[in-house]
Amino acid sequence: MNAHEILQPRPEGLYCPPGDFHIDPVRPVSRALVTHGHGDHARAGHGHVLATRQTLDIMALRYGEDFAGTTQAIGYGERIAVKDAAVSFHPAGHVLGSAQIAVECRGKRIVASGDYKRRSDPTCADFELVPCDVFITEATFGLPVFRHPSAGGEIERLLKSVRQFPERAHLVGAYALGKAQRVIRLIRDAGYSEPIYIHGALARLCDYYQAQGVDLGPLEPATAEGTARDEFAGKIVVGPPSAFADRWARRFPDPVTAFASGWMRIRQRVKQRGVELPLILSDHSDWDELTDTIAETGAGEVWVTHGREEALVRWCELNGIKGKPLHLVGYEDEGD
Amino acid sequence: MHRFAELLDRLLLTPSRNAKLRLMIDYFRETPDPDRGLALAAITGNLSFSSVKPAMLRTLVMERMDAVLFSYSYDYVGDLAETISLVWNTSVGAQANDREISLSFAVERLLSASRSDGPRVLADLLDRLEAPSRFAVIKLVTGGLRGGVSARLAKQALADYGEVEVHDIEEIWHGLKPPYTELFDWLDGRAAKPERTALAMFRPVMLSNPVEDSDLARIEPADYAAEWKWDGIRVQAVAEGGLRRLYSRTGDDISGAFPDLVEAMDFAGALDGELLVGRPPEHTGSFSDLQQRLNRKTVAQKTMRDYPAFVRCYDLLQQGEEDLRALPFAERRKRLEAFVPTLDPERFDLSPLVSFGDWQHLNALRLDPPHPIIEGVMLKRLDSAYVPGRPKGPWFKWKRDPYTIDAVLMYAQRGHGKRSSFYSDYTFGVWTGPENKLELVPVGKAYFGFTDEELRQIDKYVRDNTVERFGPVRSVRADPNHGLVMEVAFEGLNRSTRHKSGVAMRFPRISRLRWDKPAAEADRLETLTAMLV
């Protein structure tokens with residue numbers, strides 16, 4: 001069976017004719033398999049959603065309990081039949097509950113990785129390598145310029161700055177799902193035990209992570225009215241990056257704006273955003289991890305999606321692997 | 001090496017002057033010799049390597065990676081040094097570890113490399129460093145290291161670090177060499193202040209305070225001399241023992257860009273004066289003309305011919321062996337008046353004193369100066385010694401009033417630090433085109449001059465009247481029927497080929513918000529172009 005008969009791009013998302021389902025559809029469909037809870041992959045309004053328990057919980061937190069007609073939870077490694085296809089979910093190491101989806105049909109296996117990273121992350125299960133015939137990879141940081149440094153070193157720079165500027169508040173921009181909790185956990189791992197102040201938009205997801213056994217230490221709302229500015233001096237505040245351009249940020253004394261993102265590798269990006277302390281911290285694979293993963297899956301064919309497809313396709317060509325861009329619409333190639 | 005790389009990145013991204021000072025002071029405190037001195041040399045532009053040329057870098061990186069992947073990367077990043085620092089594939093077996101490589105190790109390797117083994121030495125270093133340090137090394141060897149810090153600010157950091165005055169640093173700076181161990185020994189209190197041993201060193205300059213309203217009532221006209229304040233740049237020309245140096249007022253050696261002037265420095269002494277271009281005494285060029293000669297390392301023959309540099313002398317600090325700085329101004333002036341006529345008249349002339357009766361008389365002269373390149377008057381107490389810094393009392397500057405224009409707010413950009421949630425940097429424009437088809441053309445940018453309360457009001461206005469957003473910039477509604485008029489004050493106007501309007505303002509700031517004024521009544525571009533000298 002041709003791989004294209006098993007999975008094919010459609011305007012709604014990646015479609016599997018033998019199983020009659022879509023993976024991460026961007027428009028409402030009758031049956032959806034969802035890799036993880038980020039908004040561009042997990043949308044509300046599908047007839048039926050199959051995902052990990054944690055992804056379903058996160059979707060319910062974000063969209064309300066009635067985000068889909070019916071839902072079904074699947075555990076990592078569990079294999080189930082969906083019509084004429086067999087599917088299984090495997091940890092992607094991206095955020096809590098994130099999964100790669102393996103689709104098998106007549107002896108051929110395709111893995112749709114969703115977003116993934118290879119480094120260990122204390123807030124979610126580590127990536128699991130799934131050998132396959134066709135590997136569908138993301139390419140958010142699919143350029144040789146992206147080599148993420150060690151997370152520990154970045155957190156060390158943040159804490160050094162907190163010590164160096166005790167009269168200023170450090171505002172750390174981090175996306176609400178995954179990055180924020182990882183940053184907080186990493187700060188704890190570096191030995192910082194003071195309360196960390198969080199923006200209201202992070203509260204429910206942080207609570208959920210804590211309930212799932214990810215210890216984030218003492219968190220306080222950064223939104224409390226009537227707090228004197230000076231109380232935030234020397235403190236770490238975590239919030240969505242968009243909030244820092246907002247009037248919300250004015251409650252903090254002479255803030256140092258930090259932003260935890262893989263994009264912070266590029267100085268021009270840092271300057272554009274007016275970031276004073278860039279923290280190169282990503283939940284996506286960097287160039288070396290992308291190319292290593294492609295090689296390790298043993299896939300003879302690679303489909304590249306959302307991001308800088310052309311460089312990864314070129315790499316495949318140089319390494320004798322059949323590679324092609326998969327033009328899916330609706331995904332942000334500006335993920336963090 | 002990682003500390004140095006981190007310092008450079010933070011200095012580049014930190015907007016606040018005080019924060020930059022803190023970063024440098026902490027670095028000096030936590031870094032041992034000779035690394036901290038080499039970092040200081042790098043920041044102040046006193047470290048150069050001849051064994052590595054920029055073109056070689058490209059060759060090195062292309063040996064290690066696919067040309068197509070490199071071009072995708074370079075297209076994306078835009079800066080060659082940064083691209084190479086990021087895409088660099090370390091050789092097989094090489095272990096990158098910044099912490100094991102000191103800045104001094106890297107500098108020594110590069111300095112001792114011959115031209116033929118320069119590429120190999122550089123490649124070996126890049127193999128052993130991580131990306132931020134690779135970037136620092138590449139910028140160092142290509143001479144492109146500009147850390148968002150002036151040499152002046154670095155000297156201020158040294159002064160704060162050692163709790164001394166910045167002019168104490170400036171005074172000895174030119175006798176010191178990287179890695180500045182004797183300087184740090186002194187600042188750390190382990191040794192005496194380094195002696196001024198070198199020839200033709202810089203003398204810290206004496207500066208003035210602006211005349212405030214109450215000042216004139218308290219001082220006597222008879223105690224002061226007045227002279228024109230020329231609109232050039234303040235310099236010090238020092239010649240001693242065959243060595244000739246031209247310094248900016250912060251002690252930077254700018255001789256290299258003024259060989260025409262340096263050639264004429266066949267005297268023994270130190271002169272304080274204004275650097276100008278033109279043919280004295282008849283012709284004095286404008287500040288725009290002078291700019292043709294500023295901020296260059298070298299200068300073309302044609303530029304020197306078209307814009308010959310000269311010094312209009314204000315003061316004589318040293319004559320032969322004799323230090324005159326302790327003498328009263330009146331005495332130094334007499335010496336100066338005798339000294340200048342012995343010099344090449346095309347390169348040195350005397351700044352004339354202005355005789356006046358009372359302050360009212362002087363004010364009238366100030367408001368109607370005899371030459372367009374005069375920007376006010378200076379008052380110098382006749383008995384004042386020449387002392388470094390800006391003492392209150394002996395010297396005053398009484399500048400001509402600034403120019404003002406009514407302009408319309410066009411774009412606003414978010415600020416940094418304290419102002420990161422405020423739209424605090426404003427681009428403003430004036431009208432051009434026929435009355436029935438008015439168009440705004442941007443003429444400048446300003447980010448101060450308003451109060452905190454006014455900032456809040458403008459910020460609200462920007463948010464309420466946003467037309468478009470581009471990252472941190474918002475375009476604000478501005479048409480003849482709707483717009484915020486700002487009165488902008490500025491010190492002068494230059495011709496500019498870089499700006500669409502053809503003019504560039506000097507030192508623009510917001511002097512008043514004209515909430516009352518209809519946008520259509522703001523000034524026209526012709527008002528500005530008429531002001532060009």
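In what order do the five strands of the open sheet in chain B run? The legends below get to that, along with a few other spots in this predicted model.

Local features here need pLDDT of at least 70 and side-chain atom pairs count only at pLDDT 80 or more, while totals for chains, interfaces and linings use all residues. Residues are numbered from 1 along each chain as its sequence is written, with chains lettered from A and ligands numbered from 1 in the order in which they are written.

**View 1. The open sheet of chain B.** The order is S1-S12-S11-S2-S10, with mixed pairing (two strands pair if DSSP finds at least two bridges between them; strands are DSSP runs of E, at least two residues, and helices runs of H or I, at least four, numbered from the N terminus). S1 (209-210) and S10 (353-354) of chain B sit at the edges with a single partner strand each, so one side of each has no neighbour in the sheet. Helix H18 (residues 359-367) of chain B packs on the sheet and touches S2, S10, S11 and S12 (395-399), its direction making about 150° with that of S11(B).

**View 2. Zooming in on S2 and S11 of chain B.** S2 (residues 224-230) and S11 (residues 374-381) of chain B pair in the antiparallel sense, over six bridges. Look for Trp230(B), which stands opposite Ile374(B) in S11(B).

**View 3. H1 against H2 in chain B.** The axes of H1 (residues 2-13) and H2 (residues 17-30) of chain B come within 10 Å and cross at roughly 170° (axes are lines fitted to C-alpha atoms, for helices over the stretch in contact, and angles run from 0 to 180 degrees between N-to-C directions). That makes H1(B) roughly antiparallel to H2(B), the word for angles over 145 degrees. H1(B) brings Arg3(B), Leu7(B), Arg10(B) and Leu11(B) to the contact, and H2(B) brings Lys20(B), Leu23(B) and Tyr27(B) (contact: C-beta atoms, placed from the backbone, within 7 Å).

**View 4. A β-α-β unit in chain A.** S5(A), helix H2 (residues 53-63) of chain A and S6(A) make a right-handed unit (with the strands pointing away from the viewer, the path from the first strand over the helix to the second runs clockwise). S5 (residues 46-51) and S6 (residues 68-73) of chain A pair in the parallel sense over five bridges; His46(A) has Ala68(A) in S6(A) as its bridge partner.

**View 5. Where chain A meets chain B.** Chain A puts 32 residues into the contact and chain B 29 residues. On the chain A side, H8(A) gives the largest share, five residues.

Terms used:
Two residues are in contact if their C-beta atoms, placed from the backbone, lie within 7 Å. Angles under 35 degrees count as roughly parallel, over 145 as roughly antiparallel, 65 to 115 as roughly perpendicular and the rest as oblique.
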